[in-house]
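Biologist: I would like to learn how to read a protein model step by step, beginning with the general idea and then turning to the case at hand. Could we go through it together?

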Amino acid sequence: MKTITLHAHDSGPNPYKVALVLENLKIPYELKLWDFGDGENGVKGPNFLKINENGRVPALEDPNSSVVAWESTACVNHLLRTYDTSYTLHPDPSKASPQDLVDYDKWTSFLTTTLGPMMGQLNWYTHYNPTPNENARARYEAQAHRCFEVLEGQLGKSGGKSVLPGGFSAVDCHFYPWVDEYKYGKMDIGKYEKVKGYLKAVGERAEVQKIYEEIPKAEKAVKG
């Protein structure tokens with residue numbers, strides 16, 4: 001198998017989602033780190049825009065299938081369709097119940113359309129907005145708490161170590177990097193005992209520890 005290239009940056013959860021899938025499926029891959037901005041090594045610069053015209057990471061280049069993917073969900077879905085033939089990270093449509101298939105989709109969608117964006121906005125208004133806007137920050141913190149309450153309830157049904165019953169899946173690859181952003185967003189999650197337990201359980205997985213160690217140390221895509 002040829003080595004896949006994962007384009008990432010050292011901060012932001014979405015590339016970590018894809019790396020978790022690669023690690024769990026034991027697919028050989030290399031990392032290339034990009035910066036924000038429009039320089040030679042920037043995601044808005046001409047080199048990266050040839051790979052992803054939207055100028056965002058992650059992006060994935062798969063020489064085994066000649067596929068170039070961007071947007072984390074598209075990257076994850078390509079890897080699952082192509083390489084998870086034993087259905088270790090996603091449900092087998094020929095064996096799973098209709099409800100199991102829907103549950104996989106709905107929790108993935110909840111993360112990508114709701115929890116993740118709320119956490120992203122919370123981070124923006126906590127750290128990056130040029131003018132302090134506490135009203136906006138408070139709004140997104142409240143929405144993030146609402147999402148954590150929903151997740152807390154689901155973890156009570158699933159056993160707590162994975163979002164879905166039955167063990168670690170690609171849904172957790174989506175969730176863990178964004179839920180763990182609570183620290184950066186300066187959220188107090190003291191009342192979410194099950195979420196805290198989930199973060200501890202998933203965070204102790206070898207694949208998780210590996211990517212959080214290796215991605216920040218990866219080489220720049222364009223060496224200056």
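This is a predicted model: local features need pLDDT of at least 70, side-chain atom pairs count only at pLDDT 80 or more; totals for chains, interfaces and linings use all residues.

Biologist: Let me begin with a helix: how many residues does H3 have, and how far does H3 reach from its first C-alpha to its last?

Modeller: H3 has 12 residues and reaches 16 Å between those two atoms, which is close to the 16 Å expected at 1.5 Å a residue.

Biologist: Which residues of H3 are buried, and what covers them?

Modeller: The buried ones are Ser 72, Cys 75, Val 76, His 78, Leu 79, Leu 80 and Tyr 83, and their cover includes strands S1, S3 and S4 together with helices H1, H4 and H6.

Biologist: How should I read a salt bridge within a helix?

Modeller: Side chains of opposite charge can pair when their charged atoms come close. An α-helix has 3.6 residues a turn, so residues three or four places apart point the same way. Here Arg 137 and Glu 141 both lie in helix H5, 4 residues apart, about one turn of the helix, and their side chains meet in a salt bridge with an N to O distance of 3.0 Å.

Biologist: Are Arg 137 and Glu 141 buried or exposed?

Modeller: Both Arg 137 and Glu 141 are buried. For another case, take the salt bridge of Glu 213 with Lys 217, whose closest N and O atoms are 3.5 Å apart; there Glu 213 is partly exposed at a relative accessible area of 47%, while Lys 217 is exposed at 61%. The structure holds 10 salt bridges.

Biologist: How many disulfides does a search of the whole structure find?

Modeller: The search finds 0 disulfides. Cys 147, for instance, is in none, and the nearest cysteine sulfur, that of Cys 173, is 20 Å away.

Terms used. Residues are numbered from 1 along each chain as its sequence is written. Side-chain values use heavy atoms; hydrogens and water are left out. A disulfide is a pair of cysteine sulfur atoms within 2.5 Å. The expected span of a helix is 1.5 Å times one less than its number of residues. Buried means under 20% relative accessible area, exposed over 50%, partly exposed in between (1.4 Å probe, protein chains only). Contact means heavy atoms within 4.5 Å. A salt bridge is a side-chain nitrogen of Lys or Arg within 4 Å of a carboxyl oxygen of Asp or Glu.
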